[in-house]
Amino acid sequence: MTKQGAVLRILLVEDDELFRLGLRMRLQQETSLEIVAEAEDGEQAVELANRYPLDLVLLDIGLPGIGGIEACRQIKQQHPTLPILVLTSRSEKPVVSRLIAAGAQGYCLKGIPAESLILAVRSVAAGASWWDQTATTEIRAAFEGNSPTVLPAKTNEPTENPLTKREQEILALVAAGKSNQEIAEILYIAPGTVRVHVHAILQKLEVRDRTQAAVLAIQKGLVAPELLINSRALGI
């Protein structure tokens, strides 16, 4: 995880030379981003990840050689804390599932607006997750079907819930569609305090926005049912 304001050192892995050139030029227009190395195939990606100090790998998966998914797996095996953001034209559900298993922290489809890609790069480098909407269904299916420990039968046990009581209260109101200002008024706290709590919630749940946090929390039972009931009782 990088410090705020630091330059992000990126390994760019893409076999399409013209696309890679355009991507590099656009990313390096940002003063906080630096392409320190480029790879054209999976083996080279693994080698360069071992050679350079990096903050992020931006990885295509349709690569020659061992391929992008295997390269992702090997890089994560050797550098477990190195974030990997996948940028690809492939959106098939089995591919997304394999990326999750390989340890990728994010997934974007080619054609994403440049501003969104830059936000995704910064978010993943900072330790968050970033998943294209196309991947959402597959991620949830992986949680529900392949990882039963992620969704335990009893979801209200304290050891299974990373959220504090206050964070649960705030997330219940977020799930009900309340703004930070409205939450602050309901809970009699400052709007700035609400923002701090929301930021902490997003980090703990490794999601990029309030909607994803609300959906994941309800799926995993991280918000006590009585809090959801109470939020509805407030006329929300």
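Trainee: Where is the place of Glu14?

Mentor: Glu14 sits in the loop between β1 (8-13) and α1 (17-27). Helices (H or I, at least four residues) and strands (E, at least two) are DSSP runs, numbered from the N terminus. This is a predicted model: local features need pLDDT of at least 70, side-chain atom pairs count only at pLDDT 80 or more, and totals for chains, interfaces and linings use all residues. Residues are numbered from 1 along each chain as its sequence is written, and side-chain values use heavy atoms, with hydrogens and water left out.

Trainee: Is Glu14 buried or exposed?

Mentor: Buried means under 20% relative accessible area, exposed over 50%, partly exposed in between (1.4 Å probe, protein chains only). Glu14 has a relative accessible area of 2%, so it is buried.

Trainee: With which side chain does the side chain of Glu14 make a polar contact?

Mentor: A polar contact is a pair of N or O atoms within 3.5 Å; within protein, one must be able to donate a hydrogen and the other to accept it, and residues adjacent in sequence count only if both atoms are side-chain atoms. For Glu14, the partner is the side chain of Lys110, at 2.9 Å.

Trainee: Over the face of which residue does Lys110 lie?

Mentor: A charge sits over a ring if NZ of Lys or CZ of Arg is within 6 Å of the ring centre and within 35 degrees of the ring normal. Lys110 lies over the face of Phe19, 4.6 Å from the ring centre.

Trainee: Now a helix. Which residues of α9 are buried?

Mentor: An α-helix has 3.6 residues a turn, so residues three or four places apart point the same way. In α9, the buried residues are Val194, Val198, Ile201, Leu202 and Leu205. They cover an arc of only 95 degrees around the axis, so they lie on the same side of α9. The arc is that of the directions from the helix axis to the C-beta atoms.

Trainee: What should the 15 residues of α9 span?

Mentor: The expected span is 1.5 Å times one less than the number of residues. For helix α9 (residues 191-205) that gives 21 Å, and its end C-alpha atoms are 21 Å apart, which agrees.

Trainee: What follows α9?

Mentor: Glu206 does, and its phi is positive, near 55 degrees. Glu206 is not a glycine. Its loop runs between α9 and α10 (210-219). With a relative accessible area of 45%, Glu206 is partly exposed.

Trainee: How many helices and strands has the chain?

Mentor: There are 11 helices and 6 strands. Of the 236 residues in the chain, 44% are buried.
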